[in-house]
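Dear colleague,

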Number of protein chains: 2
Amino acid sequence: MTEEKDYVIGIDMGGTNTEFAIVNARGDILGHNSIPTTGHADIREYIKKIYDGVMEIADRTGTRGHIRGIGAGVPCANRETGCIEVSTNLPWPSPIPLEELLSDAFGLPAVISNDANAAAAGEMAYGRARGLKNFIMITLGTGVGSGIVCDGHLLSGSRGFAGELGHVIVNPDSDRMCGCGRRGCLETYCSAGGVVRTALEILSTRKEDSLLRDIDPARLTSKDVYKAALRGDALACEIFDFTGKVLGKACADFAAFTDPEAIILFGGVAKAGNLIARPLREAMEEKALHLYKDRIQVVASSLNDAEAALLGASALAWNNGD
Amino acid sequence: MTEEKDYVIGIDMGGTNTEFAIVNARGDILGHNSIPTTGHADIREYIKKIYDGVMEIADRTGTRGHIRGIGAGVPCANRETGCIEVSTNLPWPSPIPLEELLSDAFGLPAVISNDANAAAAGEMAYGRARGLKNFIMITLGTGVGSGIVCDGHLLSGSRGFAGELGHVIVNPDSDRMCGCGRRGCLETYCSAGGVVRTALEILSTRKEDSLLRDIDPARLTSKDVYKAALRGDALACEIFDFTGKVLGKACADFAAFTDPEAIILFGGVAKAGNLIARPLREAMEEKALHLYKDRIQVVASSLNDAEAALLGASALAWNNGD
């Protein structure tokens, strides 16, 4: 054991549970645990329980005194202020000065960020993006999020809201209403729900047979579409093809922002692999400005799903204050 | 006179002339001069002449020995390699390792960048964006260029081609062919030529009287449209209104990238002032995600046109190597 600060703490704060772990520079989780997010007298008690839980792990793994800092992945984190701005799923009034509370409790530097930014940090510290200085991480799940790394730096913006690429308008004439209150956002096409919307549109306007016709349309999920596509269902494949193309056209424009080396895909919808990555790549190459053609890799995240949120959060701590 | 390195050299390399100046931290040009870009035996002789010209200014202004570095604004500069990649307008074979050549000749650090990035650096060092850490500079001239500053850093990207926002596709169904070989780029709407295209479209599809109908359509310029708008010509005002709205919708999406505090406009078309900035602002506010509403200033560059290119180039030198 050296005196080096070779470990970081990752905290993944969800509406139900809060997970925490101690992680080394290779992205190995030395120990982890969780507590419920709700049911505490106040936020200080909640933070105290995280502290106790982390210190138990630190003692068990011999890492106490060797921890560099804390990273926390939190919805609606404002990196600029270190606060949770709007906490629809959390039991405390916002804004919550989480960075300060964590930093005071642990006596260590703390940084908070939203999930997609944390995922990008995790990918850069431990995953596919290791060594990459310019990439865009796109998370395709319930929503579409993104974390943008340019010139080796995870973009934050004036209030920490850089990289909301799920809410770029990809079709101004679309009738797809987004959760944000506008129409035609990337998220309405490439989230899990977006895939289902495309499926329902295609199923209702087309006549061909499809395994998807056996499923109650009100219960259809993007996973059903994926399973059908794996079984060679032509319409299911077409649904992913359409989804990938929408994303690819958007990525062609994204390239003009930050001249990235790679687009990295993460999240439930990204599990469709080449069903979505191939049309993405093709549409991006077809639409991109010559400067960006044949230059941008499209790859899936290499982080393990179950660990990605914790690893991403922990990764935020490595560069904090450097 | 202190021993501080309080001055920088700015070089603006055009196809015809190369201008150079010594500039202080307030953006005052202490002295400037120019040489023809062509007609030299080789690139070393050209660099030598720039060196001699700059040193003449340095001796005259007592700044020799107090110069921190060199910034050069150059078309098609690759900031990553320090080379001019493709020099359609320059008399030497590319790639041209300009950074190295300048640095060797002067014994000072040198950095090159394209015009729009230099303009953003100039705005940040001496202009409206002083103190701003997050803004997008959009240059509306023969082309549409941009320089993106996020978290206090001028984005470069994997090969220095970050910020080509003139080539974001704003209308995929457009029949407007762009110089880049694609259709519907922002540049085809918001450059000087884009304004003329809009004017010709509106004049041919509409019946109303307009001062613009007195001008030979083959010779119509964006300046003519501006002059007519200043005289209250309704169609001319509508042309700028349309141009501003296209740019405003695009800026609503740009906000989702870098969460900027300001959009700063520069270049010939930006001289239309509120004729373009007002519809820009309105369309951006109408289309932007709630996170960005009522947050982003739209302002004109405060740099003097004649000096902007030189100042921008010089500004690149202030942060180089920090």
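In this predicted model, the side chains of Asp241(B) and Lys245(B) form a salt bridge, with N and O 2.9 Å apart. Both residues belong to helix 7 (residues 234-258) of chain B, where a spacing of four residues places them about one turn of the helix apart. Asp241(B) counts as buried because its relative accessibility is 19%, under the 20% limit. Lys245(B), at 37%, is partly exposed.

In chain A, Asp241(A) and Lys245(A) belong to a network of salt bridges that also includes Arg278(A) and Glu282(A).

Two further pairs in chain A may be of interest to you. Glu45(A) and Lys49(A) are joined by a salt bridge of 3.0 Å, N to O. These two residues are four apart in helix 1 (residues 43-61) of chain A, so about one helical turn separates them. Each is partly exposed: Glu45(A) has a relative accessible area of 28%, and Lys49(A) has a relative accessibility of 35%.

The salt bridge between Glu238(A) and Arg206(A) has its closest N and O atoms 2.6 Å apart. This pair links distant parts of the chain, 32 residues apart: Glu238(A) lies in helix 7 (residues 234-258) of chain A, and Arg206(A) in the loop between helix 5 (192-205) and helix 6 (222-230). Glu238(A) is partly exposed at 29%, and Arg206(A) is likewise partly exposed at 27%. Over all chains, the search of the whole structure finds 28 salt bridges.

I turn now to the interface. Chain B and chain A each bring 37 residues to the contact. Between them the chains bury about 3,100 Å², of which 57% is on carbon and sulfur atoms. On the side of chain B, the residues that lose the most area to chain A are Arg159(B), Phe257(B) and Asp259(B), together 24% of what that side buries.

Two salt bridges are found across this interface. Arg159(B) forms a salt bridge with Asp259(A), the closest N and O atoms being 3.0 Å apart. Strand 9 (144-150), strand 10 (153-154) and helix 7 of chain B are the elements that give two or more residues to the side touching chain A. Helix 7 of chain B gives the most, with five residues. By class, that side of chain B has 18 nonpolar, 10 polar and nine charged residues.

Yours sincerely

Notes
Residues are numbered from 1 along each chain as its sequence is written. Chains are lettered from A and ligands numbered from 1 in the order in which they are written. This is a predicted model: local features need pLDDT of at least 70, side-chain atom pairs count only at pLDDT 80 or more; totals for chains, interfaces and linings use all residues. Side-chain values use heavy atoms; hydrogens and water are left out. A salt bridge is a side-chain nitrogen of Lys or Arg within 4 Å of a carboxyl oxygen of Asp or Glu. Buried means under 20% relative accessible area, exposed over 50%, partly exposed in between (1.4 Å probe, protein chains only). Contact means heavy atoms within 4.5 Å. Buried area is the accessible area (1.4 Å probe) that two parts lose on being put together, summed over both. Ala, Val, Leu, Ile, Met, Phe, Trp, Tyr, Cys and Pro count as nonpolar, Asp, Glu, Lys and Arg as charged, and the others, Gly among them, as polar.
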